[in-house]
Structure formats: structure tokens, C-alpha cells
Amino acid sequence: MAANQVEAQARGVVVILQGNAWIVGKDGEKRALQLGDEVQEGQVVVTEDGTRLELALPHSQNLSIESGRELLLDATLLGIAPTDATEAALKDLNSGADADR
């Protein structure tokens, strides 16, 4: 069940699209993006020259993708990559959290 919850959150939504952009799935199928479309981990976003594309990502973050680019949407980009113990400790130190809790 937990894996399904993570998959459900592993997506972004097209919130700004001026120009032409496509999504290429893991199967190689290419389809045009439209406002409100969902994009998911493992897909590739392709933007035409002169296009402005912005995705709303999980955790209330937005991502602007420049024109004329191809970008693989991975777990790190979507903010769902697992955090290792060292990274978690550094995050706690940087946030001022008490590491001895």
C-alpha cells in the first residue's frame, strides 16, 4: 500500500505552458502536453525552442523548464528520492534540529 501512495505523489502538473512541449513515456510514446496534464517519474519532458513550461511538483515546489530542452523526471527532481542517514543528519544540522533526540 505504501508503494502505491508514493507512486500517486510522484508526479507534477503542468501549470504554465506557452508554446509546444511533449512528454515521452517509458515506452517511447510521445504526446503533446496541455495545461493541467500530469507528468510522472520516468517520463521525459521535451520543450520546443521559445516554449515556457512550468510544472507544479510535489511538496509545493515549481519547476521551470527552459525552451529547447529534454529533461528526465526522476525521483530526485520530484523530491521523492529516499534520504540516506548522512543526508538526513546534515539536514537536521542545517535546520537547527537537535540530532540527539
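Which residues does Val 45 touch, not counting residues up to four places away in sequence? In this predicted model, Val 45 touches Trp 22, Ile 23, Leu 33, Leu 53, Ile 65, Arg 69, Glu 70, Leu 71 and Leu 73, where contact means heavy atoms within 4.5 Å. Residues are numbered from 1 along each chain as its sequence is written, and side-chain values use heavy atoms, with hydrogens and water left out. Local features need pLDDT of at least 70 and side-chain atom pairs count only at pLDDT 80 or more, while totals for chains, interfaces and linings use all residues.

Val 45 also belongs to the largest nonpolar core, which has 14 residues. A nonpolar core is a set of buried Ala, Val, Leu, Ile, Met, Phe, Trp, Tyr and Cys residues joined through side-chain atoms within 4.5 Å; buried means under 20% relative accessible area (1.4 Å probe, protein chains only). Within this core, Leu 33, Val 45, Leu 53 and Leu 55 touch the most other members. At least two core residues come from each of the strands S1 (11-18), S2, S6 (52-57) and S7 (61-65), and the largest share, 3 residues, comes from S6. Strands are DSSP runs of E with at least two residues, numbered from the N terminus.

Strands pair if DSSP finds at least two bridges between them. S2 is joined to S5 by 4 bridges and to S3 (residues 30-32) by 3 bridges. Ile 23 stands opposite Val 45 in S5 and opposite Arg 31 in S3. S2 and S3 form a hairpin with 5 residues between them, and Gly 28 in the turn has a positive phi of about 90°.

Thr 47 lies in S5 (residues 44-47) and is buried, with a relative accessible area of 4%. Its side chain reaches the backbone oxygen of Glu 66 at 2.7 Å and the backbone nitrogen of Gly 68 at 3.1 Å. Leaving aside neighbours within four places in sequence, the residues in contact with Thr 47 include Asn 20, Ala 21, Leu 53 and Ile 65.

Key
Buried < 20%, exposed > 50% of the residue type's maximum accessible area, 1.4 Å probe, protein only. Polar contact = N/O pair within 3.5 Å; in protein donor to acceptor, adjacent residues only side chain to side chain.
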